Structures are given as structure tokens and as C-alpha cells.
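Colleague: I have a new model open and would like to learn how to read its features. Can you take me through them, one at a time?

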Amino acid sequence: MTETQGPAHKRNMTRRKVVVAGGAAVAAVGVGGGIAVNAFAGETASGTSAADASSSAETCYTLTSETTEGPYYIDADKIRQDITEDQEGIPMTLKLKVIDAETCKPVKNAAVDIWHCTALGVYSGYESMGSGGGGGAPTGAPTDAPSGTPTGTPTGEPPSGGPSGGGGHSEPTDDERYLRGTWKTDKHGYVTFKTVFPGWYQGRCVHIHVKVHVDGTWTDAGYEGGHTCHTGQLFFDEKSVLAAAEVAPYATNTTTRTTLTEDTIYPQNGHAGGLLRLDYSRKNIAKGVHAHLTMGVAPDETHDSTDTQPSASASAS
């Protein structure tokens, strides 16, 4: 899945080859008991309502916004659902449904990549970058325990050279690949990952990167060929981030946090812009978070640029 900087038509034909132990490890994800589609942060889903059906119908006519790939995408050769490895943080299940925004039909057999930073704002493969543009991740207990409320002046555009959401691709500096993975959508368009709630770093709000690849072939070696039809980011509402910021190890992250409304990458258009729907205990978010979203994509289009701006058709109907 490595995207080169050559012509788009050549990048689309880049061979995506992954060695998978056991060969058949790329089997589709089972749907299982689903989470209510229309649950919001702080709520516990208990079933599907008429409002859920209405929301799903509306989603069919909305393209999910294209956003920048960011500098730290790696064709990680990690076909897996559990991307946690040994990273500490609030357990999180991420369930995405990929649909064709024009026909409303599920996009099956697509390869979905996700990658994000640790609770302290560090990306695997770029540990030497530290958190927030070269500063090392915080160590030890802070002098003043943060309340989770952002302080100081909004940082605006992420600093060049740091783990930002924009800028050209940076070559990896190490062999770590935690919090990165790829899995296959099932016949209903669903894909599920197990990870941890992301942290934050200088210049960006809390987010997860995502890519959707289609028209390739799943083999015993992984996923080959095809093209990238969606490059975007998934975002978290302020209420959930503030709750997470009170929990270790997030509470030791002393980097000034950019809020969702201050972020320069988030399109500010709600779920169409990648804002996740979240379920967790209001009293104890540390028990875990279920994040979910339906993403409307255009399978016949190619969106793999490293400098993609938010799509003007993000709210087209």
C-alpha cells in the first residue's frame, strides 16, 4: 500500500503485498452484535431505533470528507485487527462501515488501513520525532497535574517536521509498527479494529488516520493492486477527550492540546467530516470505548494524495 510520489496512475498500480502468517489470516470480520449506529458520546447503546434507521438513510447521500494523509503513513505489512501491541491506554474498539455514497450499498472486500499516535502523542516508526514536532514524550509525573482543559494559545498549523496531519511523507526512522494495521471489510461493509484511545501532540486534536483501498485482490500473501478511494481522518468530541485526559497515561501528557474546533485539518462538518460516534461509561471511561461510523466513499475515484484538502462535496446530497 505504499504510496509513492510518482504519477497518480502509476501509484494506483503499486503492488501491495503483505506476508501473513497462516495464509488465511485475512478472513473477513464477522458482524456480530452491532453497536447502535446513532449513539453519541456519553451514551450507552442498547439497540437500534427509528432514528438510527433515518440516520443511516441520510448517510447514504453523504460523502465522507477527504483530508490529508499526513507525513507518517507506512505500508506496515500488518494485516490484523488488534493493533495495540504493548501500548498503554483506554481500550477501544473501532467499528467502521464502508458504503458507496451513490448507491448506498456496502463496499465489501475493501482493505482499510488505520494508524494513530500513542497516549503520549508518538507515532510508531517515528519515535525519534517524539511528541509535537521533535520534543520527547513526557517522562515521570508532571509538576502540575493537568485537568484535561487545554491551556495557552491555540497552536494552529502543526509544526513542520513533527507528527502533524499535513505535509509531505516522511521516511520512517525505526522499525516499530504499533497502532497500525489493515483489515478486510465483510459482505456488509464492516471492519473492526481493537486499539487504544489516541492521545494528542502539538498542533493537532485527537484523531485517527484512515485509508480505504478497493479493486485489489486478497490472496494468501495479503492484498495486492487496486487503488485508494478514500484518505481521511477520524475525530473525537471534546467531552470524550476531556474524560480520557483524566486517566493514566493520558494525564501525564503535558503537551498543550488543540481542541476539535481549533484543529486545522478537521472540516468542522460533524460525522460527514469523520467525527466518530462513541459509547462509553460516563462514570468510568477507563473501562473502554466503542467508536463507530459509517463512511460514504466513491469507489471509482482515487484519493491517495498526501496533500488532499477537505472535500467540497463532503456534504453533497
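Predicted model: local features only at pLDDT ≥ 70, side-chain atom pairs only at ≥ 80, totals over all residues.

Modeller: Start with how elements are named.

Colleague: What is the phi of Asn109 near, and is the residue buried or exposed, or in between?

Modeller: Phi of Asn109 is near 65°, a positive value in a residue other than glycine. Buried means under 20% relative accessible area, and exposed means over 50%. Asn109 has 37% relative accessibility, so it counts as partly exposed.

Colleague: Which loop holds Cys104, and what is its phi near?

Modeller: Cys104 sits in the loop between β1 (91–100) and β2 (111–115). Its phi is near 70°, also positive in a residue other than glycine. Cys104 counts as partly exposed because its relative accessibility is 26%.

Colleague: Where is the peptide bond that is cis?

Modeller: Look from Ala248 to Pro249, where omega is near 0°. Pro249 belongs to the loop between α3 (238–244) and β9 (277–279).

Colleague: How many disulfides does a search of the whole structure find?

Modeller: The general idea comes first. A disulfide is a covalent bond between the sulfur atoms of two cysteines. Here the search finds zero. As for Cys205, its relative accessibility is 2%, so it counts as buried.

Colleague: Now aromatic pairs. How many are there?

Modeller: A pair of aromatic rings is described by the distance of the centres and the angle of the planes. In this model the count comes to eight aromatic pairs. One of them is Tyr72 with Tyr123, at 5.8 Å centre to centre and 55° between the planes, which makes it tilted.

Colleague: Which parts of the chain does the Tyr72 and Tyr123 pair link?

Modeller: Distant ones, 51 residues apart. Tyr72 is in the loop between α2 (50–59) and β1, and Tyr123 is in the loop between β2 and β3 (180–184). Tyr72 counts as buried because its relative accessibility is 2%. Tyr123 is at 1%, so it counts as buried too. Together with Tyr126 and Tyr201, they form one aromatic cluster.

Colleague: Which rings have the charged end of a lysine over them?

Modeller: Take Tyr190: the charged end of Lys95 sits over its ring, 4.6 Å from the centre. Then take Tyr73, where the charged end of Lys211 sits over the ring at 5.1 Å from the centre.

Colleague: What does Val112 touch, leaving out residues up to four places away in sequence?

Modeller: Among its contacts are Leu96, Val98, Trp183, Phe193, Val210 and Val212.

Technical notes: Residues numbered from 1 in each chain as written. Heavy atoms only, no water. Helix = DSSP H or I, 4+ residues; strand = E, 2+ residues; numbered from the N terminus. Buried < 20%, exposed > 50% of the residue type's maximum accessible area, 1.4 Å probe, protein only. Disulfide = S-S within 2.5 Å. Phe/Tyr/Trp six-rings, centres within 6.5 Å; stacked < 30°, edge-to-face > 60°. Lys NZ or Arg CZ within 6 Å of the ring centre and 35° of its normal. Contact = heavy atoms within 4.5 Å.
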